[in-house]
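Here is a walk through one protein chain, from single residues to the whole fold and back. Keep the viewer open and follow along.

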Amino acid sequence: MSILSLFVLIPVLMLGGLFLSRNISQVRTVATIGSALQLILAIVLSVLFCMERNAGNTAEMLFMADHLWFAPLNIHYAVGVDGVSVLMILLSAIIVFAGVFASWKMDPLPKEFFIWLILLSTGVFGFFISIDLFTMFLFYEVALIPMYLLIGIWGSGHKFYSAMKLTLMLMGGSALLMLGILGIYFNSSADGELTMNILKIAENNAIPIEMQYLLFPLTFVGFGVLGAMFPFHTWSPDGHASAPTAVSMLHAGVLMKLGGYGCFRVAMYLMPQATVELSWIFLILTGISVVYGAFSACVQTDLKYINAYSSVSHCGLVLFALLMWNTTAMTGAVMQMLSHGLMTALFFALIGMIYGRTHTRDIREMGGLMKIMPFLAACYVIAGLASLGLPGLSGFVAEMTIFVGAFQWTDVFDRVFTIIACTSIVITAVYILRVVGKILYGPVQDKHHETLTDAVWYERLSTITLIVAIAGIGLLPFWVSDLIRDSMSVISDRILQFLPL
């Protein structure tokens, strides 16, 4: 058994432990031990992967395992990781660990809540380790299905509307994705032996250009819906606003990363010619996402909606950078995925903690929280500074890498859209500083807030875990960027060979 299969096995064992749990104490114990084991295993995997690379192992994927599932269609349980996959697994493990403590006082039905939350994480881990299209799509669906119940039962506000809207739109994206995967499968080989293995499909390079023109939009849009690409983003703000805290953390921090990951791992890697020919269409859409999301965040008054529209902007920046094709910009895209995942999970954790005390998310009803709950307020400032790109935090290195890579192209079209995307930095600073100044400083708007308490131990553990990761990427970005660059250069080189002279 590959070490990678443990990332699916541990959540399955956690589900068994949760089913057998008889009280809230046992539920917390199982969730804590399981999430801690996943985090330790993710750290061990990262160390082992770096050791293999340092030892000179240049294989495209490491720790691979391959077992035949369904012989008539040549479907395999095939797993393997490169540098990007390892970092996505580490990101997921960190956020799941933090999410468990952010949901420490979940009520009602804590047992059932954690069962669905862990099932969601099972799909996420399985997706990132898969190198077979069928296996990847299977885990993709496992990650999406629990969202309806998690929001519809444990959410707030217009939770049933938000849960249904999210589910229908993501299932619509899944339908497009399924058609794209089937098209890739039936055009995967020139010698008649069809395969779902991503590496073999890329090696065969047998998909005709005419089919690529059809299949690339299907797969890119299918994954792009989950990546909140304009105009398919409307599920995201409503879903985030209604979801409970830990679900918002995993949804924005991890689940939306499946969209960006699938775009480059499947659509761009397997159909490089169509990527070159059709990228300009999606470059326009992602450019709109970046600016539209940032402007929308500026006019919101609900903390969750502000962060949700901010996520639309930041995830748009990920897809924008991927469509620049060169290794530098694509490296920045993955670093932005990591940075956004951590800081938006921190934002949603803090918003949930503040809401649990003030019982409001309206920034007009808050003020002076810095002197009432200094720990939570300081953490919110750190999250805000990471979001607007303060040097020393993860947001700065991610955005700088993206824009340096984007400006490598001298084409007027690319330069114009890069400049447009750069304006999001200024807009982001506007809404972040506006919110920080409004809710943390100035006079207290509600006298009842003066008696509120600051964070307790499990809330501090959740937030500190995320802050350490944000600062770690910001202060020591090179070990992360080196892992990403080695993996993304394979995809970038494959696309650039089809660039017209």
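Is C379 buried or exposed? C379 is buried, because its relative accessible area is 3%, and the cut-off for buried is under 20%. Keep in mind that this model is predicted.

A disulfide is a covalent bond between the sulfur atoms of two cysteines. The search over the whole structure finds zero of them.

Now zoom out. The protein chain holds 20 helices and two strands. Its C-alpha trace spans about 75 × 55 × 45 Å along the principal axes. How does the radius of gyration fit a compact globule? For 501 residues, the rule gives a value near 23 Å. The chain has 22 Å, which agrees.

Burial tells a related story. Of the 501 residues, 64% are buried. The accessible surface comes to about 17,900 Å². Carbon and sulfur atoms account for 69% of that area. Contacts can be sorted by sequence distance too. Take those between residues at least 6 apart in sequence: 80% join residues at least 24 apart. Charge has its own layout. There are 22 positive and 27 negative charges, and their mean positions are 13 Å apart.

Helix α10 runs over residues 235-242. How many of its residues are buried? Eight of its eight residues are buried, and the helix is mostly covered. They begin with W235, S236, P237 and D238 in the list, which continues with G239, H240, A241 and S242.

S242 gives a residue-level view of α10. S242 is buried because its relative accessible area is 4%. Set aside its neighbours within four places in sequence. S242 then contacts I151, G155, S156, H158, K159 and S162.

Move to helix α4, residues 110-129, which contains F125. Why does F125 count as buried? Its relative accessible area is 0%, and the cut-off is under 20%. Beyond its neighbours within four places in sequence, F125 touches F7, Q38, I89, S92 and A93. Look at S92 in particular. F125 and S92 are 33 residues apart along the chain, yet their C-alpha atoms are separated by 7.4 Å.

Finish in helix α18, residues 412-440, where T418 lies. T418 counts as buried, because its relative accessibility is 0%. Which residues does T418 contact, leaving aside its neighbours within four places in sequence? They are F320, M324, F403, A406 and F407. F403 sits 15 residues from T418 in sequence. In space, the two are 7.1 Å apart, C-alpha to C-alpha.

Terms used: Residues are numbered from 1 along each chain as its sequence is written. This is a predicted model: local features need pLDDT of at least 70, side-chain atom pairs count only at pLDDT 80 or more; totals for chains, interfaces and linings use all residues. Side-chain values use heavy atoms; hydrogens and water are left out. Helices (H or I, at least four residues) and strands (E, at least two) are DSSP runs, numbered from the N terminus. The radius of gyration is taken over C-alpha atoms; the globule rule is 2.2 Å times the number of residues to the power 0.38. Buried means under 20% relative accessible area, exposed over 50%, partly exposed in between (1.4 Å probe, protein chains only). Contact means heavy atoms within 4.5 Å. Accessible areas come from the Shrake-Rupley method with a 1.4 Å probe; for residues, only the protein chains shown count as cover. Lys and Arg count as positive and Asp and Glu as negative; His and the chain ends are not counted. The place of a charge is taken as NZ of Lys, CZ of Arg, CG of Asp or CD of Glu. A disulfide is a pair of cysteine sulfur atoms within 2.5 Å.
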